[in-house]
Amino acid sequence: MDLKKIFENNKNWIAERLATDPDYFKKLSNGQNPEVLYIGCSDSRVSAEELMGACPGDIFVHRNIANMVISIDLNMMSVVNYAVNSLKVKHIVVCGHYLCGGVKAAMEAKDLGILNPWLRNIRDVYRMHKEELNAIPNETERYNRLVELNVEEQSYNLLKTAAVQKAHLERGLRVHAWVFDMQNGELIDLKVDFKSKLKEIMEIYNLNE
Ligand code: CO
């Protein structure tokens with residue numbers, strides 16, 4: 001993509017916005033009050049706001065390779081704590097996607113240097129669900145299933161944080177696990193039963209005393 005084109009696009013975008021609402025940028029400058037924290041993959045094809053039809057101000061966004069929620073990732077944990085405690089979002093979405101390069105890489109026997117420790121967390125998900133995954137003979141289906149299981153496990157990682165536990169108990173903050181299918185554009189809710197999962201997680205990860 002031509003970088004000059006980006007600045008042309010920006011000028012057109014400003015004109016379009018002002019044509020619909022002359023106060024658009026004044027309103028945008030007044031502050032943000034998003035109700036959703038979206039945690040997704042950095043993949044260029046999974047453009048968070050666009051696929052949800054969301055506008056600036058609607059969604060607080062964090063993206064990294066393979067939408068990982070890692071407890072010692074200061075970046076991720078800062079985003080979660082700020083979104084939950086300051087912005088007081090009502091929902092946190094972990095959104096993965098089929099054909100995820102990060103998940104694919106974690107299924108291969110290969111040294112990827114600095115990416116190894118990051119992808120190690122996906123290999124852990126594979127190990128946790130080894131029996132189910134190894135029972136799937138078709139490689140593409142196994143890969144797709146690992147994408148789903150990884151989203152689920154990353155959403156469980158959110159439930160293991162003190163901020164999410166507290167906000168859930170105090171004001172009903174909810175966590176969701178979604179997958180984007182770029183082959184048809186569909187956004188799929190994996191419909192995880194977070195109520196029973198939270199109960200199970202709180203047996204061991206309770207940080208609320
Ligand atoms: Co990806």
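This dialogue walks through a predicted model, feature by feature.

Q: What helices and strands does the protein chain have, and what does its C-alpha trace span?
A: Begin with the overall inventory. The protein chain has 10 helices and five strands. Its C-alpha trace spans about 55 × 45 × 30 Å along the principal axes.

Q: How is the protein chain divided into domains?
A: Domain bounds come from an automatic or database assignment. Here domain 1 covers 1-31 and domain 2 covers 32-198. Taken over C-alpha atoms, the centres of domain 1 and domain 2 are 30 Å apart.

Q: How much of the protein chain is buried?
A: Burial is a matter of relative accessible area. A residue is buried under 20% and exposed over 50%, with partly exposed in between. Of the 209 residues in the protein chain, 42% are buried.

Q: Which residues coordinate the cobalt ion?
A: The cobalt ion is coordinated by SG of Cys-41, NE2 of His-97 and SG of Cys-100. The distances run from 2.1 to 2.3 Å. One caution applies: water is not among the atoms, so a site may look incomplete.

Q: What spacing do the donors of the cobalt ion follow along the chain?
A: Write the donors in chain order and count what lies between them. For the cobalt ion the spacing is C-x55-H-x2-C.

Q: Why do His-97 and Cys-100 count as buried?
A: Compare each value with the 20% cut-off for burial. His-97 has 0% relative accessibility, so it counts as buried. Cys-100 counts as buried because its relative accessibility is 1%.

Q: What is the volume of the largest pocket, and which residues are closest to its centre?
A: Take the volume, then the lining. The largest pocket has a volume of about 340 Å³. It is lined by 17 residues, and those closest to its centre are Val-69, Ile-70, Ser-71, Asn-157 and Lys-160. The elements giving two or more residues to this lining are α6 (115-128) and α8 (139-159). By class, the lining has eight nonpolar, five polar and four charged residues.

Q: How many salt bridges does a search of the whole structure find?
A: Side chains of opposite charge can pair when their charged atoms come close. The search finds 11 salt bridges in the whole structure. Among them, Arg-45 pairs with Asp-43, with the closest N and O atoms 2.7 Å apart. Asp-23 and Lys-26 also meet, at 4.0 Å from N to O.

Q: What separates Glu-170 and Lys-166 along helix α9?
A: Count residues between partners in a helix. Glu-170 and Lys-166 are four residues apart in helix α9, so about one helical turn separates them. Their side chains form a salt bridge at 3.6 Å, N to O. Glu-170 is exposed, with a relative accessible area of 60%. Lys-166 counts as partly exposed at 44%.

Q: Which residues are linked in a network of salt bridges?
A: Look for bridges that link up into a group. Here the network links Arg-120, Asp-124 and Arg-127.

Note on methods. Residues are numbered from 1 along each chain as its sequence is written. This is a predicted model: local features need pLDDT of at least 70, side-chain atom pairs count only at pLDDT 80 or more; totals for chains, interfaces and linings use all residues. Side-chain values use heavy atoms; hydrogens and water are left out. Donors are N, O and S atoms within 2.8 Å of the metal (3.2 Å for Na, K and Ca); water is not among the atoms, so sites may look incomplete. Buried means under 20% relative accessible area, exposed over 50%, partly exposed in between (1.4 Å probe, protein chains only). On a 1 Å grid over the protein atoms alone, a cavity is a set of points where a 1.4 Å probe fits but cannot get out, and a pocket is an open set with protein on both sides within 12 Å along at least five of seven lines; lining residues have an atom within 4 Å of a point. Grid points are joined across faces, edges and corners, and a volume is the space filled by probe spheres set on the points. Ala, Val, Leu, Ile, Met, Phe, Trp, Tyr, Cys and Pro count as nonpolar, Asp, Glu, Lys and Arg as charged, and the others, Gly among them, as polar.
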